[in-house]
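Visitor: I'd like to learn how to read a few features of a fold. Could we walk through one together?

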Amino acid sequence: MSTIAKQKTSKIKFASKALLVIIGAFITAYGLEAVLIPNNVSDGGVTGLSIVGSQLSDLPLGALIAVLNIPFIFLGYKQIGRSFAIFSVIGIISLAVGTMLMHHIPTIIEGDTLLITVVGGIIIGFGMGLALRNGGALDGIDMLAVLLSRKLPFGTSDLILFLNMFVFIVVSFVFGLQGAILSGMAYFIASKVIHIVEEGLSGSKTFKIITKEPELMVEVIRERLGRGATYNEVLGGYSNEKFREISCVINRLEESKMKEIIAEIDPNAFITIYDVAEVRGGSFKKQNIH
């Protein structure tokens with residue numbers, strides 16, 4: 001494939017992913033404005049804090065979402081890379097614009113608290129999952145959890161849960177205890193939907209890769225993700241050919257980028273991906289990539 005053709009393909013891929021991130025953001029905005037917020041139910045993370053701030057100050061929700069996520073976008077750039085930060089900027093701006101455009105749309109569900117949490121959780125979970133699946137995030141709290149996990153003896157998932165408990169305590173002062181409980185239920189449902197859409201957002205994942213370019217693969221993973229890897233000598237059961245199997249543990253926000261790297265270097269690489277419940281010790285800490 002020529003250089004021009006590769007550049008064209010890359011631009012088309014970028015545009016298609018950006019479009020899907022935007023669609024995910026607008027779906028999330030719809031879930032917030034048409035289901036959750038009118039019924040005094042919040043979301044978790046930075047979006048939840050933005051909703052509380054909007055209720056207390058009458059500032060536009062979209063403006064608060066954009067402003068409060070700025071430091072987390074920087075964290076995303078430092079921890080995961082430029083492309084993730086770019087797609088996250090696209091997603092967060094789209095979410096902010098979406099909440100402004102949909103602020104006065106009719107509420108589709110009222111009164112039934114169980115239905116509100118289920119439907120609202122499904123809608124925002126689908127939107128956030130769609131954005132994450134295409135390399136962007138709509139909320140910065142996950143990026144903060146990734147950073148804190150490098151400095152504290154806790155996993156990313158544990159820290160996400162802890163940070164959101166703090167958010168829902170803040171929510172309780174505005175929407176009351178019932179509103180905070182319903183917000184927690186909606187967030188739980190949304191997190192499960194994100195798992196389904198994004199194909200398993202566990203705290204960490206192990207990639208096992210058999211490729212014809214093992215040295216190049218490891219080098220690029222180290223350069224772009226700041227992750228180390230190990231080799232295992234394996235023997236093909238049919239061909240008796242020896243291979244160098246690469247093992248690499250990453251956090252869940254890096255999965256999309258890892259798949260891009262593998263597809264770019266060796267589209268025919270054999271890959272197995274495992275959910276990891278917990279990572280401790282060793283050299284799992286990220287290296288700086290900028």
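Visitor: Which residue in β4 is the bridge partner of Ile210?
Guide: Strands of a sheet pair through backbone hydrogen bonds, either parallel or antiparallel. Here, Ile210 has Phe270 as its bridge partner. Strand β1 (residues 204–210) runs antiparallel to β4, joined by 7 bridges; strands are DSSP runs of E, at least two residues, and helices runs of H or I, at least four, numbered from the N terminus. Bear in mind that this is a predicted model, where local features need pLDDT of at least 70, side-chain atom pairs count only at pLDDT 80 or more, and totals for chains, interfaces and linings use all residues. Residues are numbered from 1 along each chain as its sequence is written, and side-chain values use heavy atoms, with hydrogens and water left out.

Visitor: What is the order of the strands in the sheet?
Guide: The open sheet of 4 strands reads β2-β3-β1-β4, with antiparallel pairing (two strands pair if DSSP finds at least two bridges between them). At the edges sit β2 (230–235) and β4 (270–276), each pairing on one side only.

Visitor: Which strands does α10 touch?
Guide: α10 packs on the sheet against β1, β3 and β4, where contact means heavy atoms within 4.5 Å. Its direction makes about 10° with that of β1; angles run from 0 to 180 degrees between N-to-C directions, with axes fitted as lines to C-alpha atoms, for helices over the stretch in contact. Helix α9 (residues 214–225) lies across β1, β2 and β3 (242–251), at about 10° to β3.
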